[in-house]
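Please consult the sequence and the model as you read.

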Amino acid sequence: MKKVRPSILVAQTLSAILVSCAIAVFAYAGPGGVTRKSDQAPLQDGAGVIELVSGKVTLYLSKHRTPFAARSRMILPPGSAVQTTRDADSRARIVLDDGDVIHLGPSTLLGVGRRHSELDLRQGHVIAYAMPTIIRRDHPLFLRTTHGVLALTVGKVYLAAGRDGVEIAVFENAGRWYRDGLTKDIKAGQRIRFGSKTDDLAAIPQKREAQLSRWISPEAWVEKAGVELFRNKDLAAARQIFSQLQAAFLYNAAAAYHLGMIHLDKGELPEAIGQWRRYAVIDPKRAREKGVSRHLTTLISQRIHDEVQHAVANENNLSRSRPEPNSIAVHPFVNRGDAKYRALGKGLTAMVISDVAKIPGIKVLERERIQRLLDEIKLSESGLVSKDKTVRAARLLRAEKIVIGDYAVESRRRSDEESKQE
Amino acid sequence: MRRSSVCVNSILSFLALVNFGWVAAEDLGGPEPSPTGLETGDLRKLSPREVAELNAKLRQAMALYYDQSYRLALPLFQEIAQQAGTIDIFYWLARTAAKVGQPDLAIEKFRSILQRDPTRTSVRLELALAYLQKGDRVAATAELKKALETQPPESVRRQIEQLAQYIERADKRWVATLRASLGPQFDDNINVTPTDSIINLGDGRVLRTERLEGWFIDFDAFADLFYDFGKKGAFAWRGDVFFLHHEYPDSADREFNYTQTDARSGLEHATANFRVRLPAGFIDRRFSNEDLSHAFYLAPRGEYYLGRDLNVTLGYRYEDEEFVDDVNDDQSNVTHTGTFGPNYRFQAWGMDHFVSFLGAYAVRDAEAERFSYSDWSIGPSYAGRWKSGTEASVYLRYLDRDYDAPALGFEPLGDRDEQRYTAVLSLTQTFYRNYFVSASFSYIRNDSNVPLFDYDKLLAGVNFGVNFNF
């Protein structure tokens, strides 16, 4: 990797609030300064977005100060700055254009650079998540303070800046600190304070990461606000908050659970099922305790029943419509042998579905849906598969392809006995 | 046995703390670019839209990883790896698999990375850890040897050697410790003289005492032998011998020479949350260069872990002490002691801290009532350990003891009772691995309704010692 070195700041003013100062902060010096890839042009549009906030947060646009408490996404132009207040709930989550995520704690002022992944922490606390990319990223995330610059390509760091100095805690991977032409690598698990007198290096105490992550993230505050709205039966507002929370924190359990409840209340069955499925994955224990898993089974069954009835009722229309591309229906295998092996059919079907599902791009239709459909159109009464009827089922499901099969289990002992007799 | 699993766990937690920061420090830009044409080719097949989708998924997976939601991150990494099996993705997938306790998957992916690029020492070290997690110490050791062959930087080499040592220790069934120290101690009240030097015994009788102070040589020796029965069943056997001798060089003080030999042995058993020790022991005490007493004891003790760093101790001790000389036979006794309290361990300011707060209740039934008592005691203790080999400890205790009868000659004062305050401070520095020097200070203040037992005593000294682990 190309080594990077910081430049001398053209202007550094901690107390600066106007965006013009933020712009100056990111105007790097030429030779000897921060070297960057030549193809890294200044940003034209947004440097990122404010994805989620809790409490009062102020955005400083060029010549404008825009206080907002909205939880909607807001584009952050290059040269802008975000400030949280001293209020206990004032937090913000910023997602930069290359996917890096920054959480702002309270009393924090963060400027956004004019180039990719450059930020200026003038005061306060942030946690930065530098994300890897499939094709290697060509520039690190730069977090500038008045005391130096922290570069982070992949990893998670806590950075606090104030008048007395800077504190950095690297939780994952490593960060490189630049100051006065010197560099220092800070390893994962290390915390360092760069003060005016001496640098203090220490190990990060246990649980500190979790404490800081929770403290600085807006997640818990937004979740709390959503739950309160939900309890006050303001479902529309709760829905909006939880949707925004889920957009930022896809695996937030409370958002999935409450959105499921809200969708259910509105009669939006598929959406409710989707949310609760997610909830059951995120927090299976609580899902079982709250009865969500049990309720989910009933809901899925209900939805499939509705869909199948709808499909049969609209068979003529469906038969004219095009099948879903790359969809495949695996018909339940039919037992042609001893009745005691009937249960084996489900297992065999599940195995085939599981294998087929691994093929990228193939959509496998749900086994239960197929079974319901077969029940509905009375195809399985004979216990034997009629190809025509199965094709009809596939058409109803709008499947492009169908897998059918039957099986028979023979007892070896019986075969041996038969062989002996022969 | 438990010790093995404890040892492996401690290795893992130690390395989790270390977290291979140096790995990333070596290449701040994250894992190196894909070295194989095949992989690059695979990526080239992806359309910009597919790359964007995979990046979005990777961010989700990484966000979960960073927030330690490894269980949720793993399927996402697996999904991404199916489409883009880059070294970076395999690396994160393997680390996540190790975190969720799937060492086989971690091993598979780490090995895939090393097949493409065998020079990655950091990955090889993580592979060794994954083997260790699986319980395959032979494979782990082999990977560490390979890692050393790559001639890594000094700091990395030290970590590898440290890990190898841990594994070696974890493999050992027999572990022995020998510790001995010798040094001068100052005793400001050798004969435990009361605070008041003239004590009125009544009927015109007066007891005059003279406080003796001086130096003695303190010699301590401790030997411990531990046998691990193996992981299955989590049982072990431990045998200890502790020897203590105070030699007063001044001929006038030699009658205060004291020697104690305490030998004990017993089974130990440990599960994930519970640890119990069942030692039985024998104590031989000598005073004034003569046999004083012999005691037999049982001291079962259990520790229940409420978390990784917090446990609660519950102990019981039965001791039957027989005084050798008939003159002292009145003091022969049976003592029951119960101990209870929490112990907490934490890390801060670059050092390990251990804090305990134990309470105890004891009942002694002696041949003579005036030596029988019940008491309770309570107090905190602290130990801190720096990485530099410096250890500090503080022990504070308050004890309240009520005897069953008055002290001999002080009957009018009623049953004897005492309140004792104890403070012990010590500072130890280890050097050259097997040697240490220790400075200690202890102070006892004993308040009693019987003037004869109202005293204080101060001990201070420096010991030099050796410590060997086999």
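Q: At roughly what angle do the axes of helix 7 and helix 8 of chain B cross?
A: This is a predicted model, in which local features need pLDDT of at least 70, side-chain atom pairs count only at pLDDT 80 or more, and totals for chains, interfaces and linings use all residues. Residues are numbered from 1 along each chain as its sequence is written, while chains are lettered from A and ligands numbered from 1 in the order in which they are written. Helices are DSSP runs of H or I with at least four residues, numbered from the N terminus, and axes are lines fitted to C-alpha atoms over the stretch in contact, with angles from 0 to 180 degrees between N-to-C directions. The axes of helix 7 (residues 103–116) and helix 8 (residues 121–134) of chain B come within 9 Å and cross at roughly 155 degrees.

Q: Is helix 7 of chain B roughly parallel or roughly antiparallel to helix 8 of chain B?
A: Angles under 35 degrees count as roughly parallel, over 145 as roughly antiparallel, 65 to 115 as roughly perpendicular and the rest as oblique. The crossing angle of these helices of chain B is roughly 155 degrees, and therefore helix 7 of chain B is, relative to helix 8 of chain B, roughly antiparallel.

Q: How many nonpolar residues does the contact of helix 7 with helix 8 of chain B have?
A: Residues in contact have C-beta atoms, placed from the backbone, within 7 Å; in helix 7 they include F110(B) and L114(B), and in helix 8 L127(B) and Y131(B). Ala, Val, Leu, Ile, Met, Phe, Trp, Tyr, Cys and Pro count as nonpolar, Asp, Glu, Lys and Arg as charged, and the others, Gly among them, as polar. Besides one polar and five charged residues, the nonpolar residues number 10.

Q: What is the mean pLDDT of chain B?
A: The pLDDT is the predictor's confidence in each residue, from 0 to 100. In chain B, 89% of residues reach 70 or more, and the mean is 85.

How values were computed:
Helix = DSSP H or I, 4+ residues; strand = E, 2+ residues; numbered from the N terminus. Contact = placed C-beta atoms within 7 Å.
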